Amino acid sequence: MSLSSALSIAQSALLATSKQTSVVSRNVADASNPDYTRRIAVVTSTAPGARAVEIQRAANDLLFRQNLSALSAWSGQSALYNGMDQLDLSVNGVDNASSPSTAIANLQQSLQLYATTPSNQNLGTSVVDAAKQVVNSLNSGTKAIQDFRTQADSQISTAVNDLNSLLSQFQDANKAVISGTRSGTDVSDALDQRDAILKKISEYVPVSTFTRGDNDMVITTKDGATLFETVPRSVTFAPSSGYSAGTPGNAVYIDNVPVSAGTGDNTTADGKLAGLLKLRDGVASTMQSQLDEIARGLITAFAETAPSQPNAAGLFTWSGAPAIPAAGTLVDGLAGTISVNAAFDPSAGGNPALLRDGGANGAAYVVNTGGASYSDLLIGYGNKLDQPMAFDSSAGITVSSGVSDYAANAIGWFEGVRQQASTNADSKQALAARTAEALSNDTGVNVDQEMSLLLDLEHTYQASAHMMKTVSDMLDSLMAAVG
C-alpha cells in the first residue's frame with residue numbers, strides 16, 4: 001500500500017467517524033423528545049479504502065400503528081369520562097344533593113308527615129314547598145343538560161377546526177417527505193414531523209394509513225372515509241347556538257361522510273370527536289329522557305281522579321293540563337316545563353288543603369268525606385309514588401318501578417355508565433402508555449447505548465488520527481531523505 005493510499009484511507013475513516021459522531025450527538029440531544037426517532041449511521045465501503053455514511057431512521061410500523069390506535073381510544077374515552085363528571089355535578093350536585101331522587105324523597109317525607117296530622121295546613125304548605133323543590137330540580141336539571149349539550153357542541157366545533165389545521169400541517173410535512181425522497185436527501189426530520197402530526201390527528205379520529213411511492217402517505221378513518229390523500233379532505237360541522245330536549249345535534253362530516261360516534265353502549269368512544277358526539281347525543285340525551293319520564297310519572301302519580309271523569313293534573317301540572325300525559329310515552333322536554341299547580345300554592349293564592357280534600361279541577365274531584373282528619377288521599381299519593389307504572393324504554397331504564405324508584409334508578413344508571421367509562425379510560429390510558437413505551441424502546445434513544453457508541457467512535461477516531469500521524473511522519477522522513 002502506498003503512503004498516499006494509506007493517507008486517503010485514514011482521511012476517509014476520520015470523515016466517516018465525524019459523521020457518525022454527529023448522528024450520535026443528535027440522538028443524545030433529542031433523547032427526551034417523544035417524537036424523535038433514533039438515527040442510525042450505517043457505514044458502507046464505496047471503493048477500496050473509501051467509506052460512506054448513510055443515515056437511517058429506526059422505525060417499527062406495527063408498533064406505531066398500535067400506538068395510534070391506543071391514543072385514539074384513550075383520547076375518546078378521556079373526553080367521555082371527563083364530560084360525564086361535569087354532567088353529573090351539573091345535574092345532580094355534590095353527593096346527589098340536587099337530584100330529583102333526593103327531592104322526591106323529601107316530598108314523600110312531607111306527605112307522610114302531613115298525613116299524620118291532616119288538619120295542620122302548615123304541613124300542607126310544607127308539601128307544596130317540597131313539590132317546588134322537585135320541580136326546581138327537574139327544571140334546573142333540564143337546563144343544565146341542554147347547556148352541557150351546547151357546550152359539547154362548541155367543543156366539537158373547536159375540535160373540527162383543530163383537525164383541519166392538523167391536516168393542513170400534515171400536507172406540508174408530507175410534501176417535504178416526498179420531495180426529500182425524490183431528491184435522495186435525508187428525510188428523517190420530515191418523517192418525525194409527519195408522524196408527530198399523525199399522532200395528534202389520531203387523538204381526534206381513529207386512523208389507518210398506508211404509504212405509496214416516494215413515501216407518500218394516505219390517511220383514512222377507521223370507518224373507511226378518506227381523511228388525507230395528496231390533499232386534506234374537508235372536515236365540516238355546523239354548530240348549533242343552543243339545544244332543547246329532543247333536538248338532535250348536527251353530524252360531523254369527513255369528505256361528506258358522517259362521523260360515527262360508534263356502536264354499542266354509552267361507555268366507549270374512539271377519538272375525541274366520537275367521545276363528544278356520544279356525550280351530546282347519547283349520555284346527555286338519555287339523561288334528559290329520564291328526567292322527562294320522572295316528570296311524567298309525578299304528574300301521573302298526583303293526578304286527580306273522579307267517577308265518570310277523566311284523570312286531570314293535580315299537584316304537578318304541565319302545558320297540556322288538565323290532561324295527563326299518555327302512559328309509557330316519552331314527552332320531550334317535560335321536565336323543563338313541569339310546574340306546581342297554582343291551585344295548591346298559597347303564595348299564588350292557592351289552597352294546600354286541596355291535597356287532602358281533592359277538587360283542584362272542580363267539585364266532581366272532591367273526595368274528602370272525613371273532615372279535617374281525612375288522610376286517605378294523602379296516603380294514596382304517597383303510595384302512588386312507589387307503585388309500578390309504565391315508563392318509555394327508550395329512556396334507558398327498563399326495570400318496572402314507581403316514580404320514586406325510577407328516579408333512584410336514574411342515578412344508578414348514570415353511576416354505572418360513569419364507572420364503566422372510568423374503567424375503560426384507565427385501561428386505555430394504560431394501553432396507550434404501554435404501546436408508547438414499547439415504541440420508544442424499539443425506536444427511541446437509549447442514552448447509555450449512545451454514550452457507549454460514542455466511546456467506540458472516539459477509539460476509532462484515535463486510531464485513524466494515529467494512522468495519519470504515522471503516515472505524516474513517514475512522509476517527512478522520506479522527504480528528508482530525498483532532500
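A: The model is predicted, so local features need a pLDDT of at least 70 and side-chain atom pairs count only at pLDDT 80 or more, while totals for chains, interfaces and linings use all residues. Residues are numbered from 1 along each chain as its sequence is written, and side-chain values use heavy atoms, with hydrogens and water left out.

Strand 10 covers 304-306 and strand 11 covers 309-312 (strands are DSSP runs of E with at least two residues, helices runs of H or I with at least four, numbered from the N terminus). The two strands run antiparallel and are joined by two bridges (strands pair if DSSP finds at least two bridges between them). Ala 306 has Gln 309 of strand 11 as its bridge partner.

Most residues other than glycine have a negative phi, and most peptide bonds are trans. Ser 308 is also exposed, at 79% relative accessible area (exposed means over 50%, buried under 20%, partly exposed in between, with a 1.4 Å probe and protein chains only).

Two further places bear on backbone geometry. Asn 96, also not a glycine, has a positive phi of about 60 degrees; Asn 96 belongs to the loop between helix 2 (61-92) and helix 3 (100-116). The peptide bond from Ala 321 to Pro 322 is cis, with omega near 10 degrees. Pro 322 is in the loop that runs between strand 12 (316-317) and helix 7 (334-337).
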